[in-house]
Amino acid sequence: MISPNLLQYLAPLALIIGLIAVSFRIVAEYERLVVLFLGRFQTVKQPGLRIIIPGVQRAFKVDLRVVTMDVPPQDVISRDNVTVRVNAVLYFRVVDPEKAIIQVEDFMNAINQLSQTTLRSVLGQHELDEMLAEREKLNNDIQEIIDMRADAWGIKVINVEIKHIDLNESMIRAIARQAEAERERRAKVINAEGEFEASEKLLSAAEVISRNPQALQLRYLQTLADISTKNTSNTIIFPIPMEMMTSFMKTAADRDGRAES
């Protein structure tokens, strides 16, 4: 049986040992310990074994590693009144543990809410075509705005990436029809440009042939050579100059006139 005198000394000793045990804090290499002394900021402790006086000091651990935050899907109305559903991913890290604890109540929730509102605000200022074609520019704009506002909280935004832009089925079909019409327009323009270039070349060729009649005969011979190499046709058409036909018709008319006389 423990004597009352021994118990009188054991109780304070156990209390002291318990206080010492709860005073030790192990801070990892990627963490910092923000210490408040009687409610006022005292210091930021570095990694290692640290002692915190219970009841007098309060300690808050802050993780300095890069945090990947998935921004929930947001319903956005674009500038051309198209409703889309957009979600993104945000990469950030704490660079000033003191500000992250003192300047904002919960910096994780604050960054999450700020990213949602900024995503809706920035995308709502652009048309749907810009959202789909200029995603890199939108990422930079969103990152710049969030980083500027989060700087007062000791947070550095590293990157923002828009992951998905979901459209309804009717809008997808409309975009497909638009793309098809655009391709048809390009095909018609290319065809018209080809016809125009071909007509210029034919005009140049006609001018050369008109100055050199022998070139027309050479062209006839080349055409016959091309036909002879193909087995798909057995018919050869020889073009006859109109001057020759006129001469034949005049001779026949003179012969008929003499016969009548």
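1. Arg149 touches Leu114 and Thr118, leaving aside residues up to four places away in sequence, where contact means heavy atoms within 4.5 Å. Arg149 lies in helix H5 (residues 135-150), helices being DSSP runs (H or I) of at least four residues and strands runs (E) of at least two, numbered from the N terminus. The C-alpha atoms of Arg149 and Ile111, 38 residues apart along the chain, are separated by 9.5 Å.

2. This is a predicted model, in which local features need pLDDT of at least 70 and side-chain atom pairs count only at pLDDT 80 or more, while totals for chains, interfaces and linings use all residues. Residues are numbered from 1 along each chain as its sequence is written, and side-chain values use heavy atoms, with hydrogens and water left out.

3. An open sheet of 3 strands has the order E3-E2-E5, with antiparallel pairing, and its edge strands, E3 (40-45) and E5 (57-63), each pair on one side only. Strand E2 (residues 31-37) pairs with E5 in the antiparallel sense over 7 bridges, pairing being assigned if DSSP finds at least two bridges between two strands. Val35 stands opposite Ala59 in E5.
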